[in-house]
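Subject: Structure handover

Hello,

Here is the structure I promised to pass on. Please open it next to this message and follow along.

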Amino acid sequence: MAEMGSKGVTAGKIASNVQKKLTRAQEKVLQKLGKADETKDEQFEQCVQNFNKQLTEGTRLQKDLRTYLASVKAMHEASKKLSECLQEVYEPEWPGRDEANKIAENNDLLWMDYHQKLVDQALLTMDTYLGQFPDIKSRIAKRGRKLVDYDSARHHYESLQTAKKKDEAKIAKAEEELIKAQKVFEEMNVDLQEELPSLWNSRVGFYVNTFQSIAGLEENFHKEMSKLNQNLNDVLVSLEKQHGSNTFTVKAQPRKKTKLFSRLRRKKNSDNVPEKGNKSPSPPPDGSPAATPEIRVNHEPEPASGASPGATIPKSPSQPAEASEVVGGAQEPGETAASEAASSSLPAVVVETFSATVNGAVEGSGGAGRLDLPPGFMFKVQAQHDYTATDTDELQLKAGDVVLVIPFQNPEEQDEGWLMGVKESDWNDHKELEKCRGVFPENFTERVQ
């Protein structure tokens, strides 16, 4: 019997709920058709709009905060792997290994602490703030249903009162239902009318506290992280100072491993053989006495006005020997100054031999030629790193060596990134270009003149 009674109560409740839904649906249709009045509360509707806006903003903030926390977690993992990499490559005999390991541990702890505080002081607060919205949203929906019930009861009561044939019993029952529906609606309406404006105003303080917490935690995190980074930088600077010579290895640009000097020698030997019918002598080889530039001035007394054209003119006491100028453009490498002197109209200076620079530049005061530089000298460079020669035609360099750069006799034999030259020390000691010159990588040197 008890089971049958329970089933009867359940069935009756279901039927009552179905009847309520049908009545509400019918009332809404009548309201939309304009055949029934609808109770309006514009102030409450504004509160509902503010509530929906506040819920949307809070949900977005919660989503973005979770994304931020996920990014912090990812940065923590990336930083941890980077620190582990440094620990692996940091060899045991290097100074500062223990300090570097301790910094890595503190780095990991700092990331963990930062993430946990963000969860406690921002995310959990955010979750609590949004936790109140579902209940209020449900109560707003229930209030809407109770308002429809109230309007339906009111319309039913009014229709019974205006009917031609009045039934007092039905009118009394309808009035009772109207009072009951009105009471339920007003109780819910009053509570929401108080809570919704208060909830709307609370958003300001919540946003302030949330973003202040995030900003403060981030500021402290970066301060502590900056200290750790500075300590790690100090450790690495100390390592660099103690192993400075092995910090970087400069490599020369690759070049073709050709026997450059053998080709040059074969070319020179073939050039020294005069062509048939050519009576002019071939250029002397570099390093021979005839190839050494020399300017000689004859100091014999000035001859009479009728002197022969080949006579020399004495130099005045106030005229320095260096003031003599060479007229004409730059000579080709290997061309002797004697041949130019033969066609020149400068009887004051007898030039035995002269080898001009490739670009025609003349060094020294008054434009006088430099006697202490190899033929074709272009500029000086200084070795910044040691270079070990890997072929017979390459120069062996030590950091600090000065090299006098000269041109390739055959430009086609020059590889990109390589220069031809002779070390200044070798040139000063031997003055033999053929034995001293060689090629070297340009990126191992720096131009100084």
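Which residues point one way from E5, and which the other way? Trp418, Met420 and Val422 point one way. Leu419, Gly421 and Lys423 point the other way. All of them are buried. In a regular strand, side chains alternate between the two faces of the sheet. Please keep in mind throughout that this is a predicted model.

**The strands**

Start with E5 itself. This strand covers residues 418–423. It is mostly covered, with 6 of its 6 residues buried.

E5 has a partner in E4, which spans residues 402–406. The two run antiparallel and are joined by 4 bridges. To find the pairing by eye, look for Leu404, whose bridge partner in E5 is Val422.

E5 also pairs with E6, residues 438–441. Again 4 bridges join the strands, and they run antiparallel.

Now go to E3, residues 379–383. This strand is mostly covered too: 4 of its 5 residues are buried. E3 pairs with E4 in the antiparallel sense, over 4 bridges. Phe379 has Val405 of E4 as its bridge partner. E3 pairs with E7 as well, antiparallel, over 3 bridges. In that pairing, Gln382 stands opposite Glu446 of E7.

So the pairings can be followed from strand to strand, because each pair counted here has at least two bridges. E7 is joined to E3. E3 is joined to E4. E4 is joined to E5. E5 is joined to E6.

E7 covers residues 445–447, and Thr445 is found in it. Is Thr445 buried or exposed? Thr445 counts as buried, because its relative accessibility is 14% and the cut-off for buried is under 20%. Thr445 and His385 are 60 residues apart in sequence. In space, their C-alpha atoms are 7.3 Å apart.

**A loop residue**

Next, Lys431. Its place is in the loop between helix H8 (424–430) and helix H9 (433–436). Lys431 has a positive phi of about 55 degrees, although it is not a glycine. Lys431 is partly exposed, with a relative accessible area of 34%.

**Salt bridges**

How many salt bridges does the structure hold? It holds 12. Three of them are set out below.

- Arg60 and Asp64 meet through their side chains at 3.7 Å, N to O. They are 4 residues apart in helix H2 (residues 42–89), so about one helical turn separates them. Arg60 is exposed, with a relative accessible area of 61%. Asp64 counts as partly exposed at 40%.
- Arg154 and Glu158 form a salt bridge at 3.7 Å, N to O. They sit in helix H4 (residues 133–162), 4 residues apart, so the separation is about one helical turn. Arg154 counts as buried, at 16% relative accessibility. Glu158 is partly exposed, with a relative accessible area of 35%.
- Glu219 and Lys223 form a salt bridge at 3.6 Å, N to O. Being 4 residues apart in helix H5, they are separated by about one helical turn. Glu219 is partly exposed, with a relative accessible area of 46%. Lys223 counts as partly exposed, at 46% relative accessibility.

There is also a network. Asp135, Arg139 and Glu195 are linked in it by salt bridges.

**A charged patch**

Which residues form a negative surface patch? Glu186, Glu187, Asp191 and Glu194 do. Take Glu187 as the way in. Glu187 lies in helix H5, which spans residues 168–242. Glu187 counts as partly exposed, at 47% relative accessibility.

That is the handover.

Best wishes

Note on methods. Residues numbered from 1 in each chain as written. Predicted model: local features only at pLDDT ≥ 70, side-chain atom pairs only at ≥ 80, totals over all residues. Heavy atoms only, no water. Buried < 20%, exposed > 50% of the residue type's maximum accessible area, 1.4 Å probe, protein only. Patch = residues over 30% accessible without salt bridge, like charges linked within 9 Å, V, L, I, M, F, W, Y side chains within 5 Å. Areas by Shrake-Rupley, 256 points an atom, 1.4 Å probe, with all protein chains shown as cover. Salt bridge = Lys/Arg side-chain N within 4 Å of Asp/Glu carboxyl O. Lys, Arg positive; Asp, Glu negative; His and termini not counted. Charge placed at Lys NZ, Arg CZ, Asp CG, Glu CD.
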